[in-house]
Amino acid sequence: ALIIQPDGKLVVAGYSNNGLNFDFALARYNTDGSLDSSFGSGGKVTTAIGSGDDFVSALILQPDGKLVAAGYSKNGSNFNFALARYNPDGVLDILFGSGGKVTTSIGSGSDYAYALIIQPDGKLVVAGGSYNGTNYDFALVRYNPNGFLDSSFGSGGKVTTAIGSDDDDANALIIQPDGKLVVAGYSNNGLNFDFA
């Protein structure tokens, strides 16, 4: 994932191997492409969300300059939605979730988050796929600005949607001017995948 800040600096997010598994990883670059030493440690930040593999797939910049990374984290047996929020200097924002981190289990198996948006009210919406016991469905989760689930959204902050009778995964998400959310991805029709 990649964003550009109003000051022209670039922030890249992904994952980095720590020798045992993968962690969330961010790096910030000055406009000339050099690492921004005022961010994290020499321009780089790594964050272990859980005790297993952690992968970033989406990144946003909040109006207050804080960065939110979303992806998925292994809880030992399955993957869960995972978020981390960072202050502008790359330090975890301890006012978000638990010490700056949030993980959310949706279905009975693994849940993978691929897209992230921030609403005008500061709420965060994450989209991806959730295993329902048989296959994957579109999955959305909405969080309050403090990282806790927004119980006014779906069922306890979570929504899953079966598009077809096989695997469905959401990869992109936008918010319309009227506040409605549009999710895009793909759906298996039994033979191959279609736009969804």
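This report describes the nonpolar cores and the aromatic ring pairs of a predicted model.

## Nonpolar cores

The largest nonpolar core has 16 residues. Those that touch the most other members are Phe81, Leu83, Leu116, Leu124, Val126 and Tyr143. Strands S5 (54–61), S6 (67–74), S7 (79–86), S9 (111–118), S10 (124–131) and S11 (136–143) each give two or more residues to this core. With three residues, S11 gives the most. Another core, of 15 residues, lies apart from this one and includes Ile3, Phe39, Ile49 and Leu67.

In soluble globular proteins, nonpolar side chains tend to be buried together.

## Contacts of leucine 83

What does leucine 83 touch, leaving aside its neighbours within four places in sequence? Its contacts include Leu124, Val126 and Tyr143, which are also among the core residues that touch the most other members. Phe24, Ile49, Val68, Ala69, Ala70, Phe96, Gly100, Lys101 and Val102 are in contact with leucine 83 as well.

## Aromatic pairs

The model has 13 aromatic pairs. One of them joins tyrosine 15 and phenylalanine 22 edge-to-face, at 5.4 Å centre to centre and with 90° between the planes. Tyrosine 15 has 48% relative accessibility, so it counts as partly exposed. Phenylalanine 22 is also partly exposed, at 26%.

Phenylalanine 55 and phenylalanine 79 form a tilted pair, because their planes are at 50°; their ring centres are 6.2 Å apart. Phenylalanine 55 lies in strand S5 and phenylalanine 79 in strand S7, 24 residues apart, and the pair links these distant parts of the chain. Phenylalanine 55 counts as buried at 14% relative accessibility, and phenylalanine 79 counts as buried at 12%.

Ring pairs link Tyr15, Phe22, Phe55 and Phe79 into a cluster that also includes Tyr72, Tyr112, Tyr114, Tyr131 and Tyr136.

Note on methods: Residues are numbered from 1 along each chain as its sequence is written. This is a predicted model: local features need pLDDT of at least 70, side-chain atom pairs count only at pLDDT 80 or more; totals for chains, interfaces and linings use all residues. Side-chain values use heavy atoms; hydrogens and water are left out. A nonpolar core is a set of buried Ala, Val, Leu, Ile, Met, Phe, Trp, Tyr and Cys residues joined through side-chain atoms within 4.5 Å. Buried means under 20% relative accessible area, exposed over 50%, partly exposed in between (1.4 Å probe, protein chains only). Helices (H or I, at least four residues) and strands (E, at least two) are DSSP runs, numbered from the N terminus. Contact means heavy atoms within 4.5 Å. Rings of Phe, Tyr and Trp (its six-membered ring) pair if their centres lie within 6.5 Å; planes under 30 degrees apart count as stacked, over 60 as edge-to-face and the rest as tilted.
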